[in-house]
Amino acid sequence: MAQPDLTQQLIELVPRMRRFAAGLSGSSDRGDELVQAACERLLTRRASLRPDTRLDSWLYQVIRNLHIDGIRAQAVRERGAEKIRRTADLRLVTSDPVDDHIRLDEVHRVMQELSEEHRAALMLICVEGLSYKEAAEVLQVPMGTVTSRLVRARKSLIEKLGSGYFELGLGASR
């Protein structure tokens with residue numbers, strides 16, 4: 001596919017993609033985000049498109065997959081937030097804000113001692129709620145590498161802090 005053809009086809013497809021994405025997501029704003037992400041993906045991967053690829057079908061599939069990935073990521077974030085809320089509710093009676101602040105500072109300090117690779121895996125999965133696959137895409141490494149980095153990061157934190165710090169889910173498996 002020549003660049004001008006691809007650009008022109010993309011321009012012509014944008015209204016249809018926006019309509020599809022807004023209908024799929026239930027929001028024109030979210031739909032526009034999906035279209036933008038699909039266009040970015042197309043432009044970064046255009047060299048891998050076969051000449052017989054139907055651009056509209058390819059883009060619809062990308063939008064759908066991005067939408068599903070977004071739903072899954074949101075569900076993971078909500079589960080993590082709910083876990084934190086339940087833990088916080090349990091700790092309200094016995095929690096001392098000063099102690100909590102000191103513990104948080106200690107966790108932050110120890111996390112800074114981790115390698116950048118381990119810290120990134122831990123943050124993306126345990127804090128940001130990304131799936132292992134999503135984290136692998138962000139870090140541009142195989143999913144197994146993300147898994148091993150996360151295991152090593154958790155092990156290091158447990159060794160340095162003790163298992164009591166992991167009531168909020170940093171030590172839980174996904």
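This is a predicted model: local features need pLDDT of at least 70, side-chain atom pairs count only at pLDDT 80 or more; totals for chains, interfaces and linings use all residues.
**Stop 1: helix α2**

Select residues 28-45, which make up α2. The helix has 18 residues. From its first C-alpha to its last it reaches 25 Å, close to the 26 Å expected at 1.5 Å a residue.

Now color its buried residues: Gly-31, Leu-34, Val-35, Ala-38, Cys-39 and Leu-42. Look down the helix axis. These buried residues fall within an arc of 135°, so they line one face of α2. An α-helix has 3.6 residues a turn, so residues three or four places apart point the same way.

Turn to the face away from the buried side. There, select Asp-29 and Thr-44, which are exposed.

**Stop 2: the second largest pocket**

Next, show Ala-37, Arg-41, Leu-66, Asp-69 and Glu-137. Of the 22 residues that line the second largest pocket, these lie nearest its centre. About 620 Å³ of space lies in this pocket.

Which elements give two or more residues to the lining? They are α2, α3 (55-91) and α6 (132-139). The largest share comes from α2, with nine residues.

Color the lining by residue type. It divides into 11 charged, seven nonpolar and four polar residues.

**Stop 3**

Go back to α2 and pick Cys-39, one of its buried residues. Its relative accessible area is 14%. Then select Cys-126. This cysteine also counts as buried, at 18% relative accessibility, because the cut-off for buried is under 20%.

How many disulfides does the model have? The count comes to zero, with a disulfide taken as a pair of cysteine sulfur atoms within 2.5 Å.

Notes: Residues are numbered from 1 along each chain as its sequence is written. Side-chain values use heavy atoms; hydrogens and water are left out. On a 1 Å grid over the protein atoms alone, a cavity is a set of points where a 1.4 Å probe fits but cannot get out, and a pocket is an open set with protein on both sides within 12 Å along at least five of seven lines; lining residues have an atom within 4 Å of a point. Grid points are joined across faces, edges and corners, and a volume is the space filled by probe spheres set on the points. Helices (H or I, at least four residues) and strands (E, at least two) are DSSP runs, numbered from the N terminus. Ala, Val, Leu, Ile, Met, Phe, Trp, Tyr, Cys and Pro count as nonpolar, Asp, Glu, Lys and Arg as charged, and the others, Gly among them, as polar. Buried means under 20% relative accessible area, exposed over 50%, partly exposed in between (1.4 Å probe, protein chains only). The expected span of a helix is 1.5 Å times one less than its number of residues. The arc is that of the directions from the helix axis to the C-beta atoms.
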